[in-house]
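Please examine the structure shown below.

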Amino acid sequence: MTDYILIRAKRKTVSLSINDDLTPVVKAPRFVSKREIDSFVRKHESWIASATEKKKAQLERTNISEEEIKELISKAKIIIPEKVEYYSRLMNLKPTAVKITRAKKRYGSCSGKNSLCFSCFLMQQCDEAIDYVVVHELAHIKHHNHSKAFYELISLYLPDYKEREKMLKK
């Protein structure tokens, strides 16, 4: 059976994730027995294997030299604002700011004050995927959630958004 880290907490459900050191982490309520947790882990071994591979790929993409990161930031500072400007006009949605970050776990975010942040690591993706992240974050200006209306708004501008989402997960 797979080794894992167990974290017991005041919670209602059991969850599973992969640490940056590629170790599975199980978070479980205090009342769930060790036997039940072991059974849960056994049932999810195929998920653990695929999630570990995805995490490995993510770590490889983001574990690059300072020089390479600076190149990505420079590239992002040119490409992202142009794309935000284009889609912003098209969608009639204006962000309060556009920032480039070194975020490793997400490609983009939208604050409650409609400021958009994009990871420089987004520059490692194809153009279609970059466009999707830009439209996704702009859509959050109108819908600060992932509701049906949010995805309907995205699909008005990128009807193939589901394929573009898949590109980001590879």
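A residue is buried if its relative accessible area is under 20%, exposed if it is over 50%, and partly exposed in between (1.4 Å probe, protein chains only). This is a predicted model, in which local features need pLDDT of at least 70, side-chain atom pairs count only at pLDDT 80 or more, and totals for chains, interfaces and linings use all residues. Residues are numbered from 1 along each chain as its sequence is written, and side-chain values use heavy atoms, with hydrogens and water left out.

**Aromatic pairs**

- The whole structure holds 4 aromatic pairs (ring centres of Phe, Tyr or Trp, the last by its six-membered ring, within 6.5 Å; planes under 30 degrees apart are stacked, over 60 edge-to-face, the rest tilted).
- Tyr86 and Tyr87 form an edge-to-face pair, because their ring centres are 4.9 Å apart and their planes stand at 80°.
- Tyr87 is buried at 9% relative accessible area, whereas Tyr86 is partly exposed at 45%.
- Tyr151 and Tyr161 are stacked, with centres 5.6 Å apart and planes at 20°.
- Tyr151 belongs to helix α5 and Tyr161 to helix α6 (residues 161-169), so this pair ties together parts 10 residues apart in sequence.
- Tyr161 is buried at 12% relative accessibility, and Tyr151 is partly exposed at 22%.
- Ring pairs join Tyr132, Phe150, Tyr151 and Tyr161 into a cluster.

**Helix contact**

- Tyr132, Val135, His136, Ala139, His140 and Lys142 of α4 meet Phe150, Tyr151, Leu153, Ile154 and Tyr157 of α5 (contact: heavy atoms within 4.5 Å).

Definitions and conventions. Helix = DSSP H or I, 4+ residues; strand = E, 2+ residues; numbered from the N terminus.
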